[in-house]
Amino acid sequence: MTTASATATAYWEPLWSQGRRYRQLDDSENRLLEQHLGAGRGRPALDIGCGDGSLTRRLNQIGFRRTGIDCSPSAVALAAAQDPGADRVPVWQCMDFTTDDLGTLPEPAYAVITCRLVYRWIDDKAVFLDQVRRLLAPGGTFWVVAEIAGRRPATDPQQNLGITPTQAELLTTGWSAVRTADLDVLRCYALRP
């Protein structure tokens, strides 16, 4: 594990190990996911920053062959503990996408790569996006869900938690197709090469 990876783990591991949980998927987000990704038909999907694995399991339900990665060992253990059974179990891997060897992933390319509530926390977004593009199969989709800064009430202490317009522009630049949909403070992005 590299220094940067150790830093990410040092931040996220205590939060997951102490029982911290994050916004769960809801019906609206699930509908958007299915609308933009379609049926999996056994194609590979990679969930970056999988946390408790809820999005990874949802990808399983719509037919993808999925891998969930997270830099927190506690998050990966929590995700694996919730597996529905021996049939179509996801691959769970503890790794930091931004610093670890991506050659250790089970697939050379993915039809879908997801990044839910993670993009905001990536330090070098340009390098991260280059890595995603290298792993995305031709015709694939990069699905990003991010909070947009300034959408919470001005009195909310987390009002500026989301990504800025500049960060959103970097995210959407260089894709042949960009589709977005808003869900309260969140924006969902379906990006295609």
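Student: In what order do the elements run?
Tutor: From the N terminus on, the order is α-α-β-α-β-α-β-β-α-β-α-β-β. That comes from six helices and seven strands. Both are DSSP runs, numbered from the N terminus: helices are H or I with at least four residues, strands are E with at least two. The model is predicted, so local features need pLDDT of at least 70, side-chain atom pairs count only at pLDDT 80 or more, and totals for chains, interfaces and linings use all residues. Residues are numbered from 1 along each chain as its sequence is written, and side-chain values use heavy atoms, leaving out hydrogens and water.

Student: OK. How much of the protein is buried?
Tutor: Of its 193 residues, 48% count as buried. Buried means under 20% relative accessible area, exposed over 50%, and partly exposed in between, with a 1.4 Å probe and protein chains only.

Student: Now helices. At what angle do H2 and H3 pack?
Tutor: About 50°, with the axes 11 Å apart. H2 covers residues 27–37 and H3 covers residues 54–61. The axes are lines fitted to C-alpha atoms over the stretch in contact, and angles run from 0 to 180 degrees between N-to-C directions.

Student: What do you call that arrangement of H2 and H3?
Tutor: Oblique. Under 35 degrees is roughly parallel, over 145 roughly antiparallel, 65 to 115 roughly perpendicular, and the rest oblique.

Student: Which residues meet there?
Tutor: From H2, Asn 30, Leu 33, Glu 34 and Leu 37; from H3, Leu 55, Arg 58 and Leu 59. Contact means heavy atoms within 4.5 Å.

Student: Switching topic. Where is Arg 133?
Tutor: In helix H5, residues 125–135.

Student: Is Arg 133 buried, exposed or partly exposed, and why?
Tutor: Partly exposed, because its relative accessibility is 30%.

Student: What is Arg 133 in contact with, leaving aside its neighbours within four places in sequence?
Tutor: Thr 173, Gly 174 and Trp 175.

Student: And how far is Ala 109 from Arg 133?
Tutor: They are 24 residues apart in sequence and 9.6 Å apart in space, C-alpha to C-alpha.

Student: Last topic, strands. How many bridges join E6 to E7?
Tutor: Seven, and the two strands run antiparallel. E6 is residues 177–183 and E7 is residues 186–192. Strands pair if DSSP finds at least two bridges between them.

Student: Which residue in E7 is the bridge partner of Asp 182?
Tutor: Arg 187.

Student: What lies between E6 and E7?
Tutor: Two residues, in a hairpin. Asp 184 in the turn has a positive phi of about 40°.
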